[in-house]
Amino acid sequence: MLPRFRGHTVSVLAYPGMSLFELGIVTEVFGLPRPEFDRPWYELTICAETPGPVRVVGGAAIHTDHGLDMFAAAETVIVPGVPEVAEEPSEALVAALRRAHRNGSRILSICSGAFALAAAGLLDGRPATTHWRYADALRARHPGLQVDADVLYLDHGSVLTSAGSAAGLDLCLHVVRLDHGPAIANAVARRLVVQPHRDGGQAQFVEAPVAADPADDRVARSMEWALGHLTEPVSVALLAGRAHMSGRTYLRHFARATGTTPIRWLIGQRVHASLALLETTGAPIEEVAAAVGFDTAVTFRHHFAQIMRTSPSAYRRAFRQPSSAAS
């Protein structure tokens with residue numbers, strides 16, 4: 001029998017008192033087999049500081065035979081939280097994280113997991129995020145850290161941090177996009193029935209809750225229409241007309257529903273639509289810009305750099321799929 005090609009190894013820490021939601025995020029993205037992709041997928045291992053039963057929220061327990069040695073040995077190491085933000089992480093966990101970092105592992109935190117990374121010194125000199133409820137506590141515990149509570153996640157290559165719960169799903173999908181490209185990341189997102197890509201710089205929450213009234217549904221339908229017409233001129237007046245609202249009313253409802261303006265949202269959607277073209281085709285930047293609705297390549301490059309923190313050409317060099325080299 002031929003040996004099975006090993007996929008990228010991922011470990012995630014289970015800890016007493018944890019919610020299974022964060023663990024479920026990691027398991028769903030990295031743990032489920034994906035035979036439809038016809039390529040080696042991730043190999044996930046759930047670990048604990050002490051192998052054996054781990055009590056979780058709701059009075060249940062999960063059992064793992066794997067401890068911190070296995071945790072630190074993975075190529076991607078994920079801390080989905082800490083038992084108590086007011087207490088220091090254990091010396092054993094801190095040592096395991098430092099060992100993983102020295103060995104070149106990619107290390108992710110979700111929600112309060114940033115406290116463990118900070119205790120290990122992995123966030124020194126790097127902007128980091130956590131759940132907005134814990135941002136002040138993280139600053140107080142580690143005054144030298146640059147804590148940004150206004151983003152969903154931050155990627156610094158070997159160390160990545162995310163905000164609470166659902167933002168961890170955005171970060172996991174971001175990692176899949178980095179490893180396998182947008183087509184596969186989008187396929188995983190479709191299976192999860194979530195948005196394929198939320199920009200890491202998006203706000204964690206919107207101050208005003210979305211009201212359950214027909215206006216919000218009209219805004220959503222106008223956004224859906226815009227996604228199908230990205231190459232066409234799309235104005236606030238046009239979107240408001242499709243939602244059967246005045247411009248001022250539309251802007252108010254759009255901001256309440258999304259936390260941003262229609263134009264900023266539209267620019268972001270156009271930039272994200274360009275990623276697949278940059279990764280899978282050799283089309284000139286001018287053609288890519290036009291294909292996603294930008295008037296000029298200069299405008300496209302400007303907005304791309306603001307959102308993606310790099311240029312379209314640099315992104316293409318980093319993420320161009322080998323099979324598209326001759327396209």
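At 72% relative accessibility, aspartate 38 counts as exposed, because exposed means over 50%. The model we are looking at is predicted. Aspartate 38 is found in the loop between helix 1 and strand 2 (43–48). Its backbone deserves a look. Aspartate 38 has a positive phi of about 55 degrees, yet it is not a glycine. Most residues other than glycine have a negative phi.

Histidine 244 is exposed, with a relative accessible area of 67%.

Now go inside. Which residues touch the most other members of the largest nonpolar core? They are Phe30, Ile78, Val176 and Val188, and the core has 37 residues. Several elements build it. Strand 1 (9–14), helix 1 (20–31), helix 6 (166–180) and helix 7 (182–192) each supply at least two residues. Helix 6 gives the most, with 7 residues.

Take valine 176 as a guide to its surroundings. Leaving aside residues up to four places away in sequence, valine 176 touches Val29, Phe30, Trp41, Tyr42, Gly181, Ile184, Ala185 and Val188. Two of those names, Trp41 and Tyr42, lead us to the aromatic rings.

The structure holds 9 aromatic pairs. Tryptophan 41 and tyrosine 42 form one of them, and this pair is edge-to-face. The ring centres are 4.9 Å apart, with 75 degrees between the planes. Both tryptophan 41 and tyrosine 42 are buried. Ring pairs also link Phe30, Phe37, Trp41 and Tyr42 into a cluster.

Another edge-to-face pair joins phenylalanine 300 and phenylalanine 304. Phenylalanine 300 is buried, with a relative accessible area of 0%. Phenylalanine 304 is buried as well, at 0% relative accessibility.

Next, follow the strands. Strand 5 (residues 76–79) pairs with strand 1 in the parallel sense, over 3 bridges. In that pairing, valine 10 stands opposite threonine 76. Strand 5 also runs parallel to strand 6 (residues 106–109), and 4 bridges join the two. Isoleucine 78 has leucine 108 as its bridge partner in strand 6. How does the chain get from strand 5 to strand 6? The path passes through helix 3 (residues 91–102), and this β-α-β crossover is right-handed.

Look at the side chains of strand 5 too. In a regular strand the side chains alternate between the two faces of the sheet. Thr76 and Ile78 point one way, while Val77 and Val79 point the other way. All four are buried.

Finally, check the cysteines. A disulfide is a covalent bond between the sulfur atoms of two cysteines. How many disulfides does a search of the whole structure find? The count is 0. Cysteine 111 is buried, with a relative accessible area of 9%. Cysteine 172 is buried too, at 1% relative accessibility.

Conventions:
Residues numbered from 1 in each chain as written. Predicted model: local features only at pLDDT ≥ 70, side-chain atom pairs only at ≥ 80, totals over all residues. Heavy atoms only, no water. Core = buried A, V, L, I, M, F, W, Y, C linked by side-chain atoms within 4.5 Å. Buried < 20%, exposed > 50% of the residue type's maximum accessible area, 1.4 Å probe, protein only. Contact = heavy atoms within 4.5 Å. Disulfide = S-S within 2.5 Å. Phe/Tyr/Trp six-rings, centres within 6.5 Å; stacked < 30°, edge-to-face > 60°. Pairing = 2+ DSSP bridges. Right-handed = clockwise from strand over helix to strand, strands pointing away.
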